[in-house]
Amino acid sequence: MPQTHRGAAPSGRRRRPFTLLLVGLIGLGLGLDSAAADGRARLEAFLKGLTSLQSSFEQTTFNADRTRMTQGRGTLYLQRPGRFRWEYDTPNKQVIIADGKRVYLHDLDLDQVSHQSEEKALRGTPALLLANDAPIDRDFNTRPIASTDGRDWVELTPKAKDTDIVRIELGFGSTGLESMIMEDSFGQETRLNFGQTKRNPILDLGLFKMDEKTGGDFLSFD
């Protein structure tokens, strides 16, 4: 893994493509060491038997020039298949909810909810990999990455064309999935570090429902 980690700029508040709003808030080669080759195996082991997940996260976003733009933190809740909740506490109060059919981005500061079908919103994103139980190779190409930090890394590139996300790196350590780096089509990157992770906890299904009576603007991107 390169010593200089790259990460992506914050999403726009109103006019950026819907998938980039979500992001602002995811074959074996020769000559690689065994730890690098373990990245794909670690990913498969992580996803095997995964039904739910709860984890805190810290997110740092950078622009294409690698200037740090914002830092944030919050909590991730995941219920497979198809449901998740990204709850941002900082820098802005935002909640992203997937209910199995649609993805909603609720900006509490703007009093605005944007929504789109899951199929469109998650195409080529890490959320597609984590929330759904389809085989990895259906949606992503994988490549191991040599490690310099003791973790097992794997790179994923979406097979779908014209996705907003062009590259994903996942880092696995002793606690499971510990880091995620995403690059978007503008060269901007987002880095997330996960902690206090609970695997397969019992979660309240109400976490994955969006009340359309929340008030404010309710905007469809379909």
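L170 contacts L43, L129, D152, W153, V154, L156, L177, S179 and M180, where contact means heavy atoms within 4.5 Å and residues up to four places away in sequence are not counted. The model is predicted: local features need pLDDT of at least 70, side-chain atom pairs count only at pLDDT 80 or more, and totals for chains, interfaces and linings use all residues. Residues are numbered from 1 along each chain as its sequence is written, and side-chain values use heavy atoms, with hydrogens and water left out.

L170 also belongs to the largest nonpolar core, which holds 35 residues. A nonpolar core is a set of buried Ala, Val, Leu, Ile, Met, Phe, Trp, Tyr and Cys residues joined through side-chain atoms within 4.5 Å. Buried means under 20% relative accessible area, exposed over 50%, and partly exposed in between (1.4 Å probe, protein chains only). L43, F84, W86, L156, L170 and M180 touch the most other members of this core. Helix α4 (residues 126-131) supplies the largest share, five residues.

The protein chain contains five helices and 12 strands. These are DSSP runs numbered from the N terminus: helices are H or I of at least four residues, strands E of at least two. Of the 222 residues, 54% count as buried. The accessible surface of the chain is about 10700 Å², and carbon and sulfur atoms account for 48% of it. Areas come from the Shrake-Rupley method with a 1.4 Å probe; for residues, only the protein chains shown count as cover.

Strand β9 (residues 165-173) is largely enclosed by the rest of the structure, because eight of its nine residues are buried. Strand β8 (residues 152-158) pairs with β9 in the antiparallel sense over five bridges. Pairing requires at least two DSSP bridges between two strands. E155 has E169 of β9 as its bridge partner. Six residues separate β8 and β9 in a hairpin, and D162 in the turn has a positive phi of about 60°. Strand β10 (residues 176-184) runs antiparallel to β9, joined to it by eight bridges. Here R167 has E183 of β10 as its bridge partner. The hairpin from β9 to β10 passes through two residues.

Q79 is found in strand β2 (residues 68-79). This residue is buried, with a relative accessible area of 14%. Its contacts, not counting residues up to four places away in sequence, are T51, S52, L203, L205 and F208. The Q79 side chain reaches the backbone oxygen of T51 at 3.4 Å.

R102 lies in strand β5 (residues 102-107). Its side chain makes a polar contact of 3.1 Å with the side chain of H115. A polar contact is a pair of N or O atoms within 3.5 Å; within protein, one must be able to donate a hydrogen and the other to accept it, and residues adjacent in sequence count only if both atoms are side-chain atoms. The C-alpha atoms of R102 and E118 are 4.6 Å apart, although the two residues are separated by 16 residues along the chain.

The average pLDDT, the predictor's confidence in each residue from 0 to 100, is 79 for the protein chain. At least 70 is reached by 79% of the residues. Over residues 1-16 pLDDT stays under 50, and the model has 67 contacts beyond four places in sequence for this stretch. Residues 24-37 are also below 50, with 33 contacts in the model beyond near neighbours in sequence. Where pLDDT is low, predicted coordinates should not be read in detail.
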